[in-house]
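Work through the exercises below with the model open. Try each task before reading its solution.

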Amino acid sequence: MRDSWHDRFADSPDVLKSARRAQTIVPVLDLEIGGEDFITMAGPCSVETEFQLMATAQHVRRAGARILRGGAFKPRSSPYAFQGHGLAGLKMLAHARQETGLAIITEVMSEDDVPMVAEYADILQIGTRNMENYSLLEAAARSGRPVLLKRGMVATIADFLRSAQVILDNGNPHVILCERGIRTFETATRNTFDVGAIALLKHISHLPVIADPSHAAGHRELVPALARVAVVAEADGLLVEVHPNPEKAWSDGEQTLDFATFGDMMASLDPYIALRGARLPACQPAVIDLMEAVG
Ligand code: PEP
Ligand code: MN
């Protein structure tokens, strides 16, 4: 990697690739995020009912997802919108894991809730609105659970990497970066999917990178194409919103896929995933020489 990248991101040194660390692999149950397999995390924006969650879990598992997403604590644009079921939602997620074997990712919004969420979740999600909440990041880091850090909607890549550095600094090496779209002058899409950020993060950082085409697009008909673009940009996996009846979803229905469309999207990814070819194994001297030669 060129020195100029090291200079530019000098205040988040541990996030960058080095001779010691070419790729971090985050273990989650029997999965490896950042390894050879492309990992899809899918499920509803919010945990609503046992039926909604279980039906979605079973469907996304059959379609090839390995991790179930679902919010029990919801950061909402309106203070009067559904804020999530809290502990009851976490229990529904744990039940879905027991029934399907899928690992669970769910958002934690408050430092005080970290121990409780960490008891039920396999991965803690830090939302875009909390990316720079360093006390939450520190608490999440100390839980010992892997942390998926979403890019702030107005965060530069340098800001994003500084937040990842805070988690690493607090003793947790299992950080997953998530590009979920940023705010730009464009308003036709909910956010602007920053595919350049995915390519750059994969180039400079050893941390796994997950793409969230749902929040980036804001419109379900755009999600499958953005998901395919994410694969080609070398993302390690996806985070996608799926619901049995998106029109009736309690949150983010407009960007949520139904079961059939999610199944079709997953099938459409296969040729692109095959093109990724063999991933580079972590920390092998030959790989590091190759990286240094390529620059
Ligand atoms: C979510 O994943 O449902 C969510 C609220 O995401 P973000 O923090 O990216 O808006
Ligand atoms: Mn959502």
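**Exercise 1.** Which residues does R180 touch, not counting residues up to four places away in sequence?

Two notes on the source come before the solution. This is a predicted model: local features need pLDDT of at least 70, side-chain atom pairs count only at pLDDT 80 or more, and totals for chains, interfaces and linings use all residues. Residues are numbered from 1 along each chain as its sequence is written, chains are lettered from A and ligands numbered from 1 in the order in which they are written, and side-chain values use heavy atoms, with hydrogens and water left out.

*Solution.*
- Contact means heavy atoms within 4.5 Å.
- R180 touches T128, K150, R151, M153, N191, D212, H215 and A216.
- Place R180 in the chain: the loop between β8 (175-179) and α7 (195-204). Helices (H or I, at least four residues) and strands (E, at least two) are DSSP runs, numbered from the N terminus.

**Exercise 2.** Which side chain of opposite charge is nearest to R180?

*Solution.*
- Lys and Arg count as positive, Asp and Glu as negative; His and the chain ends are not counted.
- The nearest is D212, 5.5 Å away.
- A salt bridge needs a side-chain nitrogen of Lys or Arg within 4 Å of a carboxyl oxygen of Asp or Glu. R180 has none, yet is buried. Buried means under 20% relative accessible area, exposed over 50%, partly exposed in between (1.4 Å probe, protein chains only).

**Exercise 3.** Which residues coordinate the manganese ion (ligand 2)?

*Solution.*
- Donors are N, O and S atoms within 2.8 Å of the metal (3.2 Å for Na, K and Ca); water is not among the atoms, so sites may look incomplete.
- C45 (SG), H215 (NE2), E241 (OE) and D252 (OD) coordinate the ion at 2.1 to 2.4 Å.
- The spacing in sequence is C-x169-H-x25-E-x10-D.
- H215 sits in helix α8 (residues 213-217) and D252 in the loop between β10 (237-241) and α10 (259-275), 37 residues apart.
- H215 is buried, at 7% relative accessible area.

**Exercise 4.** How many aromatic pairs does the structure hold?

*Solution.*
- Rings of Phe, Tyr and Trp (its six-membered ring) pair if their centres lie within 6.5 Å; planes under 30 degrees apart count as stacked, over 60 as edge-to-face and the rest as tilted.
- The structure holds two.
- W5 and F9 are stacked: 6.2 Å centre to centre, 5° between the planes. W5 is partly exposed at 22%; F9 is buried at 4%.
- F82 and W250 have ring centres 4.9 Å apart and planes at 90°, so this pair is edge-to-face.
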